[in-house]
Amino acid sequence: MQHFSEAEKDLYRVAREKMVETQIKARGIKDSRVLQAMLKVPRHLFVDEALRDQAYGDFPLPIGEGQTISQPYIVAVMTEALELKGNERVLEVGTGSGYQTAILAELSLWVYTIEKYPSLLERAKKILFGLGYKNISFKSGDGSLGWKEVSPFDAIIVTAAAPKIPQLFIDQLLEGGRIVIPVGDEYSQVLVKGVKRGGKLYTQTLEPVRFVKLVGAYGFKE
Ligand code: SAM
C-alpha cells in the first residue's frame, strides 16, 4: 500500500471533515455512527492515484470496468437507511471500489460482499486488508442471487440498479431486516428502502438516484 506523509494525511483529513460537513450533515444525515465512519475511512485510497485529489468531491468517480465509486452523500444515505447498531450481518451486492464495504465494516459485525468483476474484487480486497479490516467475506460472482449459504442477513445493500427487488433478497433477509436498493432502468431510478415484517417487504422511496446496472440472473441482461 502507498505511504503518505503526515502533511498529506492532514490534507486528506481536512478534506474528509469538509465532505462530512458540507455534503452529508448539511443534507440531513444525522446518524452519528455513520458520520464518524465517514470521517474515519480514507476514501482517497479507494480511487486511482490520478483521481486522488477528487476523492472527496461531491460526485462519483470511475474505478475501472466501466464502474464507479458512489458519491459520498449517496453512501451516507444508503448506510443510514440500514439502521446499523453494530451487531448485524450485512450483505453488500456490488463491492466496486470497496469504500462502501469499509463503511459497513466499521458499523456492523460482519460484511458479506459480492462483486461481478474479479479484478475490482481483488483490488478492493487488497485495500481493505491493508486497512486492517477482518470482518469481511468476499465473493466474486452474480450478487443478484444473493448469498444463500450465509443467509439470512440483518441488512442488505445493493449498489447497482435492479429492474425490481429480487424476491431472493427478501427471502435472504431476517424478519425486521432492512434492504436498500436502487430500482429502475438507466434513465430513471429511485432509491428504495424495504423492511421485512411478517414475511412481507414494506417499502418506501427515498430519492431519485443514478447507478450502474445490476447485471445478472435477477438484474438486467448483459
Ligand atoms: N459501493 C461501491 C463503491 O463505493 O465503490 C460502488 C459500486 S458500483 C456503483 C456498482 C458495482 O456493482 C460495480 O462494481 C459492478 O461491477 C457491480 N455489479 C453489477 N452487477 C452485479 C452483480 N450481478 N453482482 C455483483 N456485483 C455487480
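Predicted model: local features only at pLDDT ≥ 70, side-chain atom pairs only at ≥ 80, totals over all residues.
**View 1. R123 pairs with D48 across distant parts of the chain.** The two side chains meet in a salt bridge, 3.4 Å from N to O. R123 sits in helix α5 (residues 118–130), while D48 belongs to the loop between α2 (32–40) and β1 (61–64), and 75 residues separate the partners. R123 is partly exposed at 24% relative accessibility, and D48 is partly exposed too, at 37%.

**View 2. K193 and E83 form a salt bridge at 2.5 Å, N to O.** This one also links distant parts of the chain: K193 comes from strand β8 (residues 189–197) and E83 from the loop between α3 (72–81) and β3 (89–93), 110 residues apart. K193 counts as buried, with 10% relative accessibility, whereas E83 is partly exposed at 34%.

**View 3. E186 meets K213 in a salt bridge of 3.8 Å, N to O.** E186 lies in the loop between β7 (173–184) and β8, and K213 in the segment after β9 (200–209), so the contact ties together parts 27 residues apart in sequence. Both ends are partly exposed, E186 at 39% and K213 at 32%.

**View 4. D10, R13 and E17 make up one network.** Salt bridges with shared partners join these three residues.

**View 5. Helix α4 (residues 99–107) is mostly covered.** Of its 9 residues, 8 are buried. Look for Y99, Q100, T101, A102, I103, L104, A105 and L107, the buried residues of α4.

Note on methods
Residues numbered from 1 in each chain as written. Heavy atoms only, no water. Buried < 20%, exposed > 50% of the residue type's maximum accessible area, 1.4 Å probe, protein only. Helix = DSSP H or I, 4+ residues; strand = E, 2+ residues; numbered from the N terminus. Salt bridge = Lys/Arg side-chain N within 4 Å of Asp/Glu carboxyl O.
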